[in-house]
Amino acid sequence: VINLLYGITTMLCLFMSVWIFVTPASYLLGFESTRDKHMNHLQQLWAKPLPPPTPFHTLGKYDGESIVLLTHVLPAGTWASLAPLQLLSGPRQRWPYIHRALGYIFALCSALVSLGLLFIHLHGLSFLQEDTLIASRIGISHIPSLLVVSGVLSLFFFFSMVRAVQLARQKRFCEHRAWIIRHLGSGIWVALQRIYLMLVNA
């Protein structure tokens with residue numbers, strides 16, 4: 001069961017890393033210098049009958065918001081890339097110093113993602129606030145309630161990482177691993193959201 005859960009988590013993390021850094025490479029859609037060229041590339045890549053994974057205007061919802069890119073999108077991709085490595089027991093035991101160094105980078109990414117989430121919520125940049133049409137298509141009728149739930153998850157995402165770091169510094173490693181798993185669960189659900197949006201948009 002543990003190996004199965006690790007495999008699922010790894011695939012979801014890989015999915016998010018590919019989404020951010022490879023295709024649709026959402027980080028390129030937020031910089032004015034690369035947005036138009038990359039959007040044209042995506043429109044050619046996903047010409048009919050192959051639909052895009054999500055509507056093009058939603059992909060570009062962070063256009064011009066470099067703060068979101070630097071404090072949310074790019075750290076989220078790094079967070080997803082590091083997570084499977086940090087869960088592996090073999091490298092963790094063989095190279096504890098590397099595990100610790102990557103762990104602090106992982107924690108920093110979590111803090112930046114949380115800061116970016118705060119900016120997104122305060123400036124109404126959530127896709128639910130940006131695109132009520134998509135929200136209605138996926139069956140969401142009461143957006144304020146969902147935003148509250150999203151806010152609570154964001155707080156837990158931040159708190160769980162703070163607690164995990166505290167426990168690691170106290171050398172309470174079993175509890176540390178439990179809180180890291182909770183932290184991953186509070187963040188990786190976004191990958192499932194992306195997959196669901198792809199299915200709906202198809």
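How many salt bridges does the count come to? I began my notebook with this, and the count comes to one salt bridge, taking a salt bridge as a side-chain nitrogen of Lys or Arg within 4 Å of a carboxyl oxygen of Asp or Glu.

**Entry 1: ground rules**

I am looking at a predicted model, where local features need pLDDT of at least 70 and side-chain atom pairs count only at pLDDT 80 or more, while totals for chains, interfaces and linings use all residues. Residues are numbered from 1 along each chain as its sequence is written, and side-chain values use heavy atoms, with hydrogens and water left out.

**Entry 2: the salt bridge**

I looked up the partners and found R172 paired with E175, with the closest N and O atoms 2.9 Å apart. Side chains of opposite charge can pair when their charged atoms come close. I then checked how covered the two residues are. My scale is relative accessible area: buried is under 20%, exposed is over 50%, and partly exposed is in between, with a 1.4 Å probe and protein chains only. R172 is partly exposed because its relative accessibility is 32%. E175 is partly exposed too, at 37%.

**Entry 3: the whole chain**

I counted elements next: the protein chain has ten helices and zero strands. Both kinds are DSSP runs numbered from the N terminus, helices being H or I with at least four residues and strands E with at least two. Of the 202 residues in the protein chain, 40% are buried. I also looked at contacts, meaning heavy atoms within 4.5 Å. Among contacts between residues at least 6 apart in sequence, 66% join residues at least 24 apart. The protein chain exposes about 11,600 Å², and carbon and sulfur atoms supply 68% of that area. Such areas come from the Shrake-Rupley method with a 1.4 Å probe; for residues, only the protein chains shown count as cover.

**Entry 4: the core**

Which residues touch the most other members of the largest nonpolar core? I found V68, W79, F106 and I188, in a core of 36 residues. A nonpolar core here is a set of buried Ala, Val, Leu, Ile, Met, Phe, Trp, Tyr and Cys residues joined through side-chain atoms within 4.5 Å. The elements that give two or more residues to this core are α1 (2–21), α2 (32–45), α4 (66–87), α6 (96–122), α9 (143–169) and α10 (173–201). The largest share, eight residues, comes from α4.

Leaving aside neighbours within four places in sequence, W79 is in contact with F106, C109, S110, F157, H183, L184, G187 and I188.

The 27 residues of α6 should span 39 Å, and the end C-alpha atoms are 39 Å apart, which agrees. Buried residues in α6 include F106, C109, S110, V113 and L117. An α-helix has 3.6 residues a turn, so residues three or four places apart point the same way. L108 is also in helix α6, but L108 is exposed because its relative accessible area is 51%. After α6 comes G124, with a positive phi near 65°.

For α2, the 14 residues should span 20 Å, and the end C-alpha atoms are 20 Å apart, which agrees. In α2, I noted R35, H38, M39 and L42 as buried.

**Entry 5: L69**

Is L69 buried or exposed? L69 is buried because its relative accessible area is 1%, and its place is in helix α4. Not counting residues up to four places away in sequence, L69 touches S26, Y27, G30, F31, L74 and P75. L69 and L29 are 40 residues apart in sequence, yet 9.2 Å apart in space, C-alpha to C-alpha.

**Entry 6: loops and surface**

The loop between α1 and α2 holds P24, and a cis peptide bond joins T23 and P24, with omega about 5°. V22 is in the loop between α1 and α2 as well, and V22 is exposed at 55% relative accessible area. On the surface, M11, L14, V18, F21 and V22 form a nonpolar patch with about 440 Å² of accessible area together. Patches are made of residues with over 30% relative accessible area and no salt bridge, with like charges joined within 9 Å and nonpolar side chains (Val, Leu, Ile, Met, Phe, Trp, Tyr) within 5 Å.

My last stop was K171, in the loop between α9 and α10. K171 has a positive phi of about 60° although it is not a glycine, and K171 counts as exposed at 60% relative accessibility.

Terms used
The expected span of a helix is 1.5 Å times one less than its number of residues.
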